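Open the model in your viewer and keep the selection panel at hand. The tour below goes from one selection to the next.

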Amino acid sequence: MINQFVFVLFNGLASGMAFFLVAAGLTWVFGILKILNLAHGAFFMLGAYIAYTIGGASPSSLWTFIGVALLAAIAIGIMGLVTDKFVLGRLRNVDYHYVLIATFGLMLFCEGVAKAIWGSDYYSVMPPPEVDTAVKIGSSYISLYTILVIVIGLAAFAVLELIMNRMWAGKIMRAVANDPWMAGTIGINVPMVLMLSVVASFALAGFAGGILVPNQTLSVHVGSSFILYAFLAVVIGGLGSIRGTFVACILLGLVESANATFLPEYGGIAVYVLLAVFLIARPQGLFPPQGAL
Amino acid sequence: MKRRTLLKGLAASASLSLGMRSTYLRAQSGPLRIGVSYALSGVGAPVGTQFMKGTEIAAMQVNRDGGLLGRQIELVVRDDKYNSAESVAVARELAGAGINLLIGGSQTVTALGLAPLAPELNAVVIIAGAAGMPVTHELFNRNIFRTVANNYTQYSSFGRSLIETHPQVKTWISIAPDGDFGRDSALFFGNAVKKYAPGKDATVLDTIFTQGTATDFRTQINALMSSRAEGLYIGVAGAAQISFFQQARGVGLYDKFRVIGEVGNGEVTGKAMGRNTYPNLWSISYWNNDLEPFKSNPLSQQLYKDYVESTGNKFPPALVMAGQRSAMALFEGVRKAKSSQTDAVIAAMEELTFDTPGGPCSFRKEDHQMIATSYYSQMGPSDTDPFYKILQMAQIDTSQMIEPATPGVKFDIKDLPQ
């Protein structure tokens, strides 16, 4: 039984960190621009394809693997810049319905582009050789790659927390998120901050695509396996709260893992129960942001 | 009636009948239009597009040899989007356009929509790829013909084939999606392993179930790794199967199991995994031109040649043959009937035997189930493009493994003699 708990813990944490890597960009852009980007999963998918195209099916080393993920982040960040200029930037002052429709259209466009470039075949990417093995803890087999995902997830959270709470850049972003008009009157270049937020959000999606692609079949649908949990985490954590999203992702991962281990015949149902409980008991989320991240 | 009125009436009737006659003649001399409805987009597209290519080649081959009934074949292609409701809409649209010959159902989900509709549309419907038992049991009607083995035959034959080629593997286990298909295929496979094991000394452990659309298999992989099984059947298909292999490889599953059989992804998995393909992976297959018995079959050689010429790809997926065979079954039925009328084609196909790249095929008259040889391929990694290769083919005569025909009656394995 202890072995099972250890496995549930590791597995849940790994899933949670994977969810967080995807959800971080989603909650960031929501926190500052108040935009629910339905195309976030599509840019995650493009990041995965770009990482595959640059790094191939078998990355030669851990550092190559991480470097390729960073390149994917840069590429998707540039796409974010273009998207902000031609789509999101034009929707700053319109009703949110239009934003939802626009990002949904953007998602379909990205899927079409991916199909046109990479076709409808499936691809696979293996973890780098340093983590392409497992350790046995009790009777449980723990993949080193999942431990890598946990480490990268924790590091990503630490960096985001540092930026938001300890650096000027974060404080400026929080000021813009809290009151863009007032931020503008004190000399902050609000459009620039908003644009950089979109770029950062997209770059996070691209980075997540590059890091998580060894875990999933690479196809135009690869984003859908993570994006649902990312949305759930954003809702449970409190819309726009990075800290809340982080805790929610861990909760979702643990609940999902426990569900699969102890109640496999009801696979996948526990996360929806968790969501329902939160929507009833704490609809504002775990850490509702008070106008800021 | 006045004589003038009578003459006018006769003249009008004559001109009307001549007009109809000329229309009729024009229609008969035009191309023979055949509807095709496969999953060409969505998650079913990797399978549907391969069926489509095979069907296109079949039409091209027949047209090159002068056509059918003196007419060229024109395929009217629609995308069922791997969606049952869409397959119904497509079939109705094609029937509305006057098409009574239809090839479709590249997967069970769409075939379940198509099959019950065929009598209402007065169409002959070829169910090309759906192996679900209801098609030739409770959903059976005389208008449908299935051109693949059903699940019971397919997975019983697969279990038999694997235990006969790996008699040293004594303990087996399955991982399968928790649904009708997953449960059935694991059950049929396991029963056959026990039945055909030399000395009947094989043990089949309880199946590990997962969700059909699961993306995380770590819990199930851990259970497989902790089991004492040496042989594994994977009932998880499509992209999920590739994710399974990605997640399993890193924890040592490749070293633990001596043989793995998979549900039928075949080259889809090989192509995706490439050099990381499990080295003793067995799959339900239809065709490999480089290996016997296909190597010495002129129809197989011609199919390969036509595929390479039309695509430029030298590595055709096996499902291309299934798509070609499905179309050829219909074309040969029309040829034998010397008519494209529904009743005539049905009557002809019930008595039909025809050659294919995989050997002779015929239909069982009672339930319109195709009887053919089933093939199983062993796949492994390769250092050269496409970085996987088919190492050998095994075959089972499905006439030995098929259940008795009970059209209209739901299949229940408990009704079979044990």
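**Where the chains meet**

Start at the boundary between the two chains in this predicted model: select the 26 residues of chain B that are in contact with 33 residues of chain A. Contact here means heavy atoms within 4.5 Å. Together, chain B and chain A bury about 2,500 Å², with 46% of that area on carbon and sulfur atoms.

Next, on the chain B side, pick out B:Arg218, B:Thr219 and B:Gln246. These residues supply 25% of the area that chain B buries against chain A, more than any other three residues.

**Chain A as a whole**

Now hide chain B and colour chain A by secondary structure. Following the sequence of chain A, the order is α-α-α-α-β-β-α-α-α-α-α-α-α.

**Inside and surface of chain A**

Select the buried residues next; they make up 54% of the 293 residues in chain A. Among contacts in chain A with a separation of 6 or more, 78% join residues 24 or more positions apart.

Then show the surface. The accessible area of chain A is about 12,500 Å², and 72% of it belongs to carbon and sulfur atoms.

Last, select the charges of chain A, 11 positive and 10 negative. Their mean positions lie 12 Å apart.

Note on methods: Residues are numbered from 1 along each chain as its sequence is written. Chains are lettered from A and ligands numbered from 1 in the order in which they are written. This is a predicted model: local features need pLDDT of at least 70, side-chain atom pairs count only at pLDDT 80 or more; totals for chains, interfaces and linings use all residues. Side-chain values use heavy atoms; hydrogens and water are left out. Helices (H or I, at least four residues) and strands (E, at least two) are DSSP runs, numbered from the N terminus. Buried means under 20% relative accessible area, exposed over 50%, partly exposed in between (1.4 Å probe, protein chains only). Accessible areas come from the Shrake-Rupley method with a 1.4 Å probe; for residues, only the protein chains shown count as cover. Lys and Arg count as positive and Asp and Glu as negative; His and the chain ends are not counted. The place of a charge is taken as NZ of Lys, CZ of Arg, CG of Asp or CD of Glu. Buried area is the accessible area (1.4 Å probe) that two parts lose on being put together, summed over both.
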